[in-house]
Amino acid sequence: MSAGFVHLHVHSEYSLVDSTIRIDELVAACGAAGMPAVALTDQSNRFAAIKFYQAAESAGIKPIIGCDIWVTDPADLDKPTRLTLLCQNLDGYRNLSRLISRAWSDGRRGDHAAVHPDWLLDWNEGLIALAGRDSEIGRYLLSGNDELAHASASALLRLFPDCLYMELVRSERSDEETFITAAIALAGVQEIPVVASNDVRFLERDDFEAHEARVCIRQGRVLADPRRPRDYSPEQSLKSPQAMVDLFIDVPSAVENAIELARLCNLEFK
């Protein structure tokens with residue numbers, strides 16, 4: 001696979017809470033940018049999987065199917081952490097489907113569906129995990145608790161041997177650079193590869209306001225509310241491969257690993 005970069009963390013309009021990207025527009029944009037592959041990782045669902053798979057295949061783009069999942073924190077059930085899971089093959093897709101289904105049936109808390117960590121013991125085969133700023137590792141690193149961060153990383157490595165990556169994002173949101181510095185240090189000690197991502201929520205930078213309007217509708221707030229959460233930034237667009245290469249010029253392995261990881265994901269539907 002010859003490419004400058006592959007986006008591995010993208011939400012579509014099927015992530016009802018936080019994206020405005022339509023499947024056909026996503027595929028068209030990837031084709032126009034010369035991207036050979038792209039991953040769809042909607043929040044707690046894979047409703048768009050077949051539509052995305054067929055559209056990408058028709059356009060000559062490799063479809064990578066995944067999902068953002070919330071993982072229950074036994075110490076604080078109201079503050080789950082996030083993992084991005086990508087399917088390497090059909091076994092991975094089946095296990096991801098099991099995790100999501102059980103999250104909605106047995107892990108529902110308010111409008112969130114969370115996976116209990118114990119479920120990952122049985123349903124991890126065929127899955128690749130990306131741990132970013134909002135993961136349990138990230139939460140511990142940002143709180144300065146390196147010991148627990150390393151323990152969390154070790155636990156995930158046992159679940160995802162050779163299939164765990166530290167996800168690095170530079171979208172000008174708070175704590176990103178602090179996390180990146182700490183994550184690279186942890187990755188060096190634990191021998192975990194790092195991978196670049198942009199946590200994409202809209203196609204173009206100019207789409208940010210429309211995206212924020214959607215978020216406000218979901219939250220029951222208005223755009224002008226000074227107290228509403230600002231969880232996203234205008235930088236979370238589908239940046240071009242060259243823009244991502246430039247963004248991570250100091251961590252070239254993170255870009256190289258995005259391409260290599262795309263090679264590892266080979267899900268085929270029949």
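**Cavities and a helix crossing**

The largest cavity has a volume of about 60 Å³. A cavity here is a set of points on a 1 Å grid over the protein atoms alone where a 1.4 Å probe fits but cannot get out. Volume is the space filled by probe spheres set on the points. The model is predicted, with local features needing pLDDT of at least 70 and side-chain atom pairs pLDDT 80 or more, while totals for chains, interfaces and linings use all residues. Residues are numbered from 1 along each chain as its sequence is written, and side-chain values use heavy atoms, without hydrogens and water.

The structure holds three cavities of 30 Å³ or more. Lining residues have an atom within 4 Å of a point. Those of the largest cavity are Arg-82, Gly-132, Arg-133, Asp-134, Glu-167, Val-169, Arg-173, Glu-176 and Asp-199. Seven are charged, one is polar and one is nonpolar. Asp, Glu, Lys and Arg count as charged; Ala, Val, Leu, Ile, Met, Phe, Trp, Tyr, Cys and Pro count as nonpolar; the others, Gly among them, count as polar.

The second largest cavity has a volume of about 40 Å³. Its lining has four nonpolar, three polar and two charged residues. Among them are Leu-40, Asp-42, Arg-46 and Ile-65.

Helices H6 (residues 146–159) and H7 (residues 176–190) have axes that come within 11 Å and cross at roughly 55°. Helices are DSSP runs (H or I, at least four residues), numbered from the N terminus. Axes are lines fitted to C-alpha atoms over the stretch in contact, with angles from 0 to 180 degrees between N-to-C directions.

Notes
Helix = DSSP H or I, 4+ residues; strand = E, 2+ residues; numbered from the N terminus. 1 Å grid on protein atoms, 1.4 Å probe; cavity = no way out; pocket = protein on both sides within 12 Å on 5 of 7 lines; lining within 4 Å.
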